[in-house]
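Please look through the structure shown below before reading on. The report that follows describes its chains, the contact between them and a few selected residues.

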Amino acid sequence: MENKQSSSPASFVDSTVVPGDVVLDLSSMTNQTIKLGGGLRQDCDAISATKAGTLRFSKPNKYWIESSQKRYVPCVEDTILGIVVDSKADNFLIDIKGPAMGFLPVLAFEGGTRRNIPKFEVGTLLYLRVVKANFGMNPELSCTDASGKAAEFGPLKDGYMFETSTGLSRKLLSSPACPVLEALGKKLSFEIAVGLNGRVWVNAASPDTIVVVANAIMNSECLSGAQQIIMVDHLLKNIQ
Amino acid sequence: MEGRLANSWRLTVNDKNFIKTALLSEIRIDGRKPFEYRKISIKFGREDGSSEVQLGQTRVMGMVTAQLVQPYRDRPKEGILSIFTEFSPMADPSFEPGRPGELAVELGRIIDRGLRESRAVDTESLCILASKFVWAIRIDLHILDNGGNLVDAANIAALAALLTFRRPECSLGGEDGQEVIVHPPEIREPLPLTVHHLPIAISFGFFSNESILVIDPTHNEEAVMGGRMTTTVNANGDICAIQKSGGEGVPQRVIMQCLQLATSKAASITKQIKDAVEVVNTERALRKVKRHPTSTGVDVREKQN
């Protein structure tokens with residue numbers, strides 16, 4: 001077992017690691033800068049995993065651990081779907097499926113001033129961006145992008161929202177497009193908003209399209225690309 | 001307070017409106033039709049009297065145990081049947097550990113009424129010595145996952161567990177025939193309970209627009225519906241119990257429609273339970289058959305030489 005740890009770091013990339021595994025040994029890589037993403041921690045010369053999942057590497061020097069959970073841990077610059085729970089004087093309290101409520105300042109909208117504060121009733125679904133996410137504090141959210149424009153953030157009307165795992169949300173947002181979305185898009189027309197916190201919103205003209213899209217996405221988590229396409233064909237045949 | 005708010009499950013305004021709009025065109029969010037039941041899967045544990053039922057995403061585990069106790073004074077010749085429910089916090093964020101809430105008590109009462117009032121379990125056969133010793137059957141129902149419609153799933157779990165439960169055989173002995181000897185299962189085969197019929201609980205959900213009716217509501221539908229009703233019927237068409245606590249009013253013809261639907265569903269669910277129990281009983285019986293230790297295979301080739 002000791003031999004494996006001193007061999008090249010490529011041996012751990014794309015394989016499953018558990019917390020405590022030493023995935024990189026810096027003493028064998030001098031004069032290199034590497035960037036550590038989520039789930040990795042540096043202890044002097046050893047990089048060890050703190051999350052269970054798959055170790056990923058992207059050129060030139062980024063390492064991170066990818067895992068799929070039902071719980072969401074807020075990260076800066078994530079786009080998420082939140083539900084309004086309460087409105088206070090300065091913030092809206094938003095439920096983002098994380099350990100704490102998110103705060104959305106009432107002025108964090110394009111052209112937002114004290115005179116035109118939007119009124120959201122409890123239960124409104126919003127598409128938001130995470131601005132600040134520190135351990136122990138409530139994350140701060142915003143309905144604008146980094147330059148202050150609205151850019152599709154804000155309340156979502158009609159449609160249907162369902163919950164998924166964080167891994168499935170990331171797959172749906174990956175490029176090239178996820179096979180299930182491509183297969184559905186060829187036959188049906190629908191609108192979709194994916195939150196990295198494990199929430200997906202679908203809207204279409206007729207209710208049965210929405211139901212088919214929602215069920216197809218929920219079923220596609222454990223299937224490979226080819227299986228997803230077969231599953232979608234099967235579902236579409238049952239409606240027509 | 002904020003910590004607890006962060007953990008509860010919420011329904012958006014979009015979902016509420018969508019569920020109601022979709023039902024107007026007879027579509028439910030999991031693709032079922034309004035009068036379609038979810039898939040039921042019944043599994044059994046290694047011990048006699050333990051069952052696990054999965055109804056869609058709802059999971060309930062049932063466990064039956066028995067103990068010799070003194071009977072109630074006003075019923076000296078009858079055994080005792082009691083039901084305990086435990087809503088585990090892992091089933092739903094709103095379930096708290098400790099004392100059962102209103103929902104847990106209501107669920108226990110519906111199942112209890114279905115079994116007791118209809119005399120599905122024969123309590124008189126549980127009496128060993130009148131006024132002294134009777135069997136007290138205790139059914140424990142653990143809710144493992146709440147995907148909607150806990151009552152129906154818990155009822156099926158209770159029935160499946162009762163049908164596979166075996167109580168030890170006992171006989172009277174001692175000097176004056178007043179002592180009860182309980183025989184261990186290795187000496188005398190344990191006996192099944194006498195269950196006359198299977199009362200199946202079927203739940204309905206009512207929605208306010210155009211008095212729409214659905215059978216077997218899911219978790220989302222339960223949060224949106226205006227009223228619910230649970231009818232307990234058996235495969236013979238007897239109505240064992242009806243429960244409608246609060247919620248919006250429904251006209252009489254809707255109640256009659258529900259009862260007719262329930263009777264037709266009860267027949268298929270009864271068959272499913274009986275088939276599953278039959279499979280398990282045959283498997284257990286085969287395991288108990290003792291093979292003769294001296295029987296060995298005979299090599300035929302030797303005889304040819």
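This is a predicted model: local features need pLDDT of at least 70, side-chain atom pairs count only at pLDDT 80 or more; totals for chains, interfaces and linings use all residues.

A residue is called buried when its relative accessible area is under 20%, exposed when it is over 50%, and partly exposed in between.

Chain A contains five helices and 16 strands, while chain B contains seven helices and 14 strands. The table sets out some overall values for each chain.

| Chain | Span of the C-alpha trace along the principal axes | Buried residues | Accessible surface |
|---|---|---|---|
| Chain A | about 60 × 50 × 25 Å | 42% of 240 residues | about 13000 Å² |
| Chain B | about 80 × 70 × 45 Å | 45% of 305 residues | about 16300 Å² |

Carbon and sulfur atoms supply 53% of the accessible surface of chain A, and in chain B they supply 51%. If one takes the contacts between residues at least 6 apart in sequence, 62% of those in chain A join residues at least 24 apart, and for chain B the corresponding share is 72%. As for charge, chain A has 24 positive and 24 negative charges, whose mean positions are 1 Å apart, whereas chain B has 38 positive and 39 negative side chains, with the centres of the two sets 2 Å apart.

**Where the chains meet**

The size of an interface is often given as the accessible area lost when the parts come together. Between chain A and chain B this buried area is about 1800 Å², and carbon and sulfur atoms give 61% of it. The contact involves 26 residues from chain A and 19 residues from chain B.

How many salt bridges are there between chain A and chain B? The count is one salt bridge, and the partners are B:Arg10 and A:Asp95, whose closest N and O atoms are 3.4 Å apart.

**Salt bridges within the chains**

Over all chains, a search of the whole structure finds 22 salt bridges. In one of them, A:Lys97 pairs with A:Glu163, with the closest N and O atoms 3.5 Å apart. This pair links distant parts of the chain, since A:Lys97 lies in the loop between β9 (91-95) and β10 (102-105) of chain A and A:Glu163 lies in strand β14, 66 residues apart. A:Lys97 is buried, at a relative accessible area of 15%, whereas A:Glu163 is partly exposed, at 34%.

In chain B, the side chains of B:Asp48 and B:Arg284 meet in a salt bridge with an N to O distance of 2.9 Å. Here too the pair links distant parts of the chain, with B:Asp48 in the loop between β1 (40-44) and β2 (50-55) and B:Arg284 in helix α6 (residues 252-288), 236 residues apart. B:Arg284 is buried, with a relative accessible area of 10%.

B:Arg109 is partly exposed, with a relative accessible area of 40%, while B:Asp112 is buried, at 9%. Elsewhere, salt bridges that share partners join A:Asp95, A:Lys97, A:Glu163, A:Arg199 and B:Arg10 into one network.

**Selected residues**

Is A:Ser169 buried or exposed? A:Ser169, which is placed in helix α2 (residues 166-173) of chain A, is buried, with a relative accessible area of 0%. Not counting residues up to four places away in sequence, A:Ser169 touches A:Thr164, A:Val194, A:Gly195, A:Leu196, A:Gly198 and A:Arg199.

Most residues other than glycine have a negative phi. A:Asp158, however, is not a glycine and has a positive phi of about 55°; A:Asp158 lies in the loop between β13 (154-155) and β14 (160-163) of chain A and is partly exposed, at 47% relative accessibility. B:Asn149 likewise has a positive phi of about 55° although it is not a glycine. B:Asn149 is found in the loop between β6 (133-145) and α4 (150-164) of chain B, and at 0% relative accessibility B:Asn149 counts as buried.

Methods. Residues are numbered from 1 along each chain as its sequence is written. Chains are lettered from A and ligands numbered from 1 in the order in which they are written. Side-chain values use heavy atoms; hydrogens and water are left out. Helices (H or I, at least four residues) and strands (E, at least two) are DSSP runs, numbered from the N terminus. Buried means under 20% relative accessible area, exposed over 50%, partly exposed in between (1.4 Å probe, protein chains only). Contact means heavy atoms within 4.5 Å. Accessible areas come from the Shrake-Rupley method with a 1.4 Å probe; for residues, only the protein chains shown count as cover. Lys and Arg count as positive and Asp and Glu as negative; His and the chain ends are not counted. The place of a charge is taken as NZ of Lys, CZ of Arg, CG of Asp or CD of Glu. Buried area is the accessible area (1.4 Å probe) that two parts lose on being put together, summed over both. A salt bridge is a side-chain nitrogen of Lys or Arg within 4 Å of a carboxyl oxygen of Asp or Glu.
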